[in-house]
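Please find below a short note on the model under review. The sequence and structure are shown first.

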Amino acid sequence: MMHEDFRKMVSRRLDRALEAKDKAVLEAHLAACPECRVYAADMESVKKGLTALPEERPSVAIDRFLLEKAQTTEGQRPASILDRLLGALPALRPSLAYAAAAMVIGAFAGGLGFKLSNPTHRQAVVPFISEEEARLFDADYPGSIAEALGEVRKEKL
Amino acid sequence: MDKDTGIYLEYGQTGNPALFRKLYDEYKVRVLNTMMRIGSLSLPEAEDLLQEVFMKVIQERGRFTPRAKFSTWLYRIATNRAFNAVRDRKPTVAMDESLEDEHAQGALDLLVTGENRELVKKGLERLNERSRAALVLREYEEKSYSEIAEIMECSVEAVESLLFHGRSRLREWLKGRMS
């Protein structure tokens, strides 16, 4: 066995993971090897040093935030994948709303434009006077209906 | 099934915030300090991550399947967040792996005093992130080799190796500064 093998045993012994038979082998080596003995003592100190590191606590604000979050989700279904995607992109939410509104307006304007540019739709949408009404109107105001409309305006003025 | 896994499953079914509070109170300090040490983070940085970790605990309730213990799952999330924080940061000078001085003498027996505690912290920061994580989970959290292996998604042998090399490098670094 090499020194490194014994040092690995030292590491396992620190973790209370060294088997009893290996423990005896290690102790025999340590009794005979001053370098590995120093290594083992140092390792004990390193372990003590690591476990003696000071402990921090989260601020009350973090506690409050998380406990409120847990409270507000009470009785609700867990967040869906879409919820989480939207939750991860809060900055995009307003722009998504604007995009949706623009799509609705665009669809409405497109549909209206189509109707106005298509004669069959124009007849269905814009009410015209019937042929009978036009004939009667023409009898009262000889000439074209357009001219008659001009007459009506003049009379009202 | 362990107690905390049972509590989390019940929280998933009922949404009762008192159950979340139980888990939060049990783990908040430990998870915060684990992430601070693994990621060499300041308290505000670690608090941000703590918030993310426990938001995930809230959001994932009802979806958790007990393939692993709740605590293992929680520490896996925390460890990965701390690793990401390390990767997002500018690289620091890593400890020289070939530095071992076989003839360094004098036991490091004063590491628990205030000034030297800071030195231990600095030494820990200079280890590679996986060795540091293994050491923190073992020394601070007293996790077993198999739990660390589950959290870090590696073999038990790899954990043993990370602990051995981590401790040895930390010792070398500390000896260089204390002698």
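1. The model is predicted: local features need pLDDT of at least 70, side-chain atom pairs count only at pLDDT 80 or more, and totals for chains, interfaces and linings use all residues. Residues are numbered from 1 along each chain as its sequence is written, and chains are lettered from A and ligands numbered from 1 in the order in which they are written.

2. Chain A places 40 residues in contact with 45 residues of chain B (contact: C-beta atoms, placed from the backbone, within 7 Å). On the side of chain A that touches chain B, helix 1 (3–14), helix 3 (34–51) and helix 4 (60–72) each supply at least two residues (helices are DSSP runs of H or I, at least four residues, numbered from the N terminus). Helix 3 of chain A gives the most, with twelve residues.

3. The axes of helix 3 of chain A and helix 8 of chain B come within 10 Å and cross at roughly 95° (axes are lines fitted to C-alpha atoms over the stretch in contact, with angles from 0 to 180 degrees between N-to-C directions). The two helices are therefore roughly perpendicular (65 to 115 degrees). Asp42(A), Met43(A) and Val46(A) meet Arg167(B), Leu170(B), Arg171(B) and Leu174(B) there.

4. In helix 7 (residues 145–152) of chain B, seven of the eight residues are buried (20 or more other C-beta atoms within 10 Å of the residue's own, placed from the backbone). Among them are Tyr145(B), Ile148(B) and Met152(B). Their cover includes helix 4 (70–88), helix 6 (129–140) and helix 8 (156–178) of chain B.

Methods. Contact = placed C-beta atoms within 7 Å. Buried ≥ 20, exposed ≤ 12 C-beta atoms within 10 Å, placed from the backbone. Parallel < 35°, antiparallel > 145°, perpendicular 65-115°, else oblique.
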